[in-house]
Amino acid sequence: MGSLQLLYRVKALPAQVGEEQHAMSCLNTSTHSHPATFLLVGIPGLQEAQYWIAFSFFIMYVIAVLGNVIVLFIIYNDLSLHKPMYLFLTMLAVTDLVLATSTLPKMLSIFWLGSREIGFHACLIQMFFVHTFLSVESGILMAMALDRYVAICCPLRHSSILSVPAIVTMGSLVLARGILLVSPFSLLVHRLPFCQRCLISHSYCEHMAVVKLVCGDATVSVIYGLFVAFMVGGVDLFVITVSYAMILQAVLRLPCTDTRLKAFSTCASHLCVILSLYIPGLFTFLTHRFGHNVPDHVHILGANLYLLMPPMLNPVVYGVKTKQIRERVLRIFNQKGI
């Protein structure tokens, strides 16, 4: 263990020197243009500890990838699962894989290899994928809340209201919304002057973390970021809250206690997944704009968990709580003698 720590410190020293040299090279670039590359700090204040923190992130990523791939494999190969509810799970699994993979490999290269450099355009591409698929994730969770509402409150009309074409249309609209709303982020940032500032105090290219490096007037970009946050998070969370409030009313009117408990159990697991996305997301959003007294490492750790917790929890929660998926997973393990 001691030798690993020594090895990491030896690697970290050249990385820190390289970071200083890169910062100096930024000072020599022309004013009012963007730098060719940025440096991602990682977790400010925890540069030495982040080598070990990365192991927990890696485990979360492995669970997320394996869990979502298993869910996709089971749904794809079982024709009886080609139903509305499982189409939503398919969309969610694909979104989780893209969301986690767009950030974690680079984060691990920062934490373990000291590879902090990221090209300007690569940073904008990462920003686009992160925020687009966070929007898609939020939209799918909203659609799943509506699905639960229709299934519990209008069970006889569920198949006609939420047909396969209707669900494909909903998924397409959610994806289009994310692309159309997030694309201006990168376009606005690309037009802003950075004045040789190139150290991003973050583990990935988050919109506000990049905008903070701008030395010109970034008011339009900041206001647009608030607008997107309201149009995505605010609207989706409102619809989810109203849906589950109506579901709760319907469940409380059910005559059978066992049925009520089963419905409560299903809704509670869904709400845990929803809260794992919105609570860290709200914390990150507010900290960027108002949390000046929040330590940087607390903010960045929360932002990292914001991207890793939902992809890790979604396949576990929905896989365990969905009887059909759970039975097929157990059947696979039994056939292999595990």
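Me: What makes Cys154 partly exposed?
Reply: In this predicted model, Cys154 has a relative accessible area of 22%. Buried means under 20% and exposed over 50%, so a residue at 22% is partly exposed.

Me: Which pair of cysteines is called a disulfide, and why?
Reply: Cys123 and Cys205 are that pair, with sulfur atoms 2.0 Å apart. The cut-off is 2.5 Å, and 2.0 Å is within that limit, so the pair qualifies. The bond links distant parts of the chain: Cys123 sits in helix α5 (residues 120-153) and Cys205 in the loop between β3 and α8 (207-211), 82 residues apart. Cys123 and Cys205 are both buried. Searching the whole structure gives one disulfide.

Me: What makes the disulfide of Cys123 and Cys205 left-handed?
Reply: The torsion about the S-S bond is about -120 degrees, so the disulfide is left-handed. As for Cys153, it is in no disulfide. Cys153 has a relative accessible area of 28%, so it is partly exposed.

Me: How do you know that Asp236 and Arg177 form a salt bridge?
Reply: Their closest N and O atoms are 2.8 Å apart. The limit is 4 Å between a side-chain nitrogen of Lys or Arg and a carboxyl oxygen of Asp or Glu, so the pair passes at 2.8 Å.

Me: Is Asp236 buried or exposed, and how do you know?
Reply: Its relative accessible area is 0%. Buried means under 20%, so Asp236 is buried.

Me: How many salt bridges are found in the whole structure?
Reply: The search finds two. Besides Asp236 with Arg177, the side chains of Arg148 and Asp147 meet at 2.9 Å, N to O. That value is within the 4 Å limit, so this pair is also a salt bridge. Arg148 and Asp147 are both buried.

Me: Why are β1 and β2 said to pair?
Reply: Pairing requires at least two bridges between the strands. Strand β1 and strand β2 (residues 117-119) have three, in the antiparallel sense, so they pair. Leu39 stands opposite Glu117 in β2.

Me: In what sense do β1 and β3 pair?
Reply: They run in the parallel sense, over two bridges. At least two are needed, so β1 and strand β3 (residues 199-200) pair as well. Here Leu39 stands opposite Leu199 in β3.

Me: What makes both faces of β1 covered?
Reply: On one side of strand β1 (residues 37-40), Thr37 and Leu39 are buried; on the other, Phe38 and Leu40 are buried.

Me: How do you know that the span of helix α2 is close to the expected value?
Reply: Helix α2 (residues 50-77) has 28 residues and reaches 40 Å from its first C-alpha to its last. The expected value at 1.5 Å a residue is 40 Å. Among the buried residues of α2 are Tyr51, Phe57, Asn68 and Ile75.

Me: What makes up residues 222-251, which UniProt lists as a "transmembrane region"?
Reply: The span is 100% helix and 0% strand, with its end C-alpha atoms 42 Å apart. The feature comes from an unreviewed UniProt entry.

Key
Residues are numbered from 1 along each chain as its sequence is written. This is a predicted model: local features need pLDDT of at least 70, side-chain atom pairs count only at pLDDT 80 or more; totals for chains, interfaces and linings use all residues. Side-chain values use heavy atoms; hydrogens and water are left out. Buried means under 20% relative accessible area, exposed over 50%, partly exposed in between (1.4 Å probe, protein chains only). Helices (H or I, at least four residues) and strands (E, at least two) are DSSP runs, numbered from the N terminus. The expected span of a helix is 1.5 Å times one less than its number of residues. UniProt positions are given in the numbering used here, feature names are shortened, and annotations may be inferred rather than shown by experiment.
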